[in-house]
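Try each task before you read its solution.

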Amino acid sequence: MTKTSMTLLTLACALALSACGGKSEGGHAAAGEAKSSSAGLPDGNIDAGREFAAKGGEGIAPCASCHGADGNAPIDGMYPKLGGQYADYLAQSLQGYRGGTRAGSTADVMAAQAKNLSDQQIADLAAYYASVPGSLRDLQNVN
Ligand code: HEC
């Protein structure tokens, strides 16, 4: 490889990297401006999600009956906390349970809850739980 082509390659890599950097998408959506997940769901409605989580739907138990109020007070350690979780992760998980790709002994408990959720309900629930202040931590800024 010549020196010129190496320089061009380096430049192309730098441009490609800078094109991807900068904007951070897919983080926590601010309350009221919940965007659709990367899986192509409709925009979520936080208020609709809050109501569904508390009351449940036709033949669907209230999410709060296992995950607790605002997804922050699970009835025991088997039930994960949902409050403050990334909306995309929540939506992706719910789609996985509904579609059977997230399966297994404890996942099957959740799959029974998710199997009749619509795309809109998944988007609403994901937007709602992501909007709630939670006690989950991530590894950002640990160093
Ligand atoms: C009968 C109890 C029960 C109910 C009701 C329930 N869940 Fe769950 N949920 C679980 C269990 C158990 C798990 C852990 C499953 C696993 O191991 O993957 C779980 C896991 C989840 C996860 C994955 C969390 C993570 O950190 O990976 C999401 C998201 C979720 N539930 C959302 C909901 C929503 C939304 C509702 C209401 C529509 C709901 N759940 C109702 C029992 C329940």
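**Exercise 1: Helix 2**

Find the buried residues of helix 2 (residues 46–55) and say how they are arranged.

Step 1. I46, G49, F52 and A53 are the buried residues of helix 2. Buried means that 20 or more other C-beta atoms lie within 10 Å of the residue's own; exposed means 12 or fewer, partly exposed in between, with C-beta atoms placed from the backbone. Helices are DSSP runs (H or I, at least four residues), numbered from the N terminus.

Step 2. Look down the axis of helix 2: its buried residues fall within an arc of 125°, so they line one face. The arc is taken over the directions from the helix axis to the C-beta atoms.

Step 3. The face turned away from that buried side carries the exposed residues D47 and K55.

Step 4. The buried residues pack against helix 3 (64–67) and helix 6 (119–131). Contact means C-beta atoms, placed from the backbone, within 7 Å.

A note on the model: residues are numbered from 1 along each chain as its sequence is written. The model is predicted: local features need pLDDT of at least 70, side-chain atom pairs count only at pLDDT 80 or more, and totals for chains, interfaces and linings use all residues.

**Exercise 2: The ligand**

Name the closest residues around the ligand, then the helix that gives the most to its shell.

Step 1. The ligand is surrounded by 20 residues (C-beta atom, placed from the backbone, within 6 Å). The closest are C63, C66, T106, A107 and M110.

Step 2. Helix 3, helix 4 and helix 5 each give two or more residues to this shell.

Step 3. Helix 5 gives the most, with 5 residues.

Conventions: Contact = placed C-beta atoms within 7 Å.
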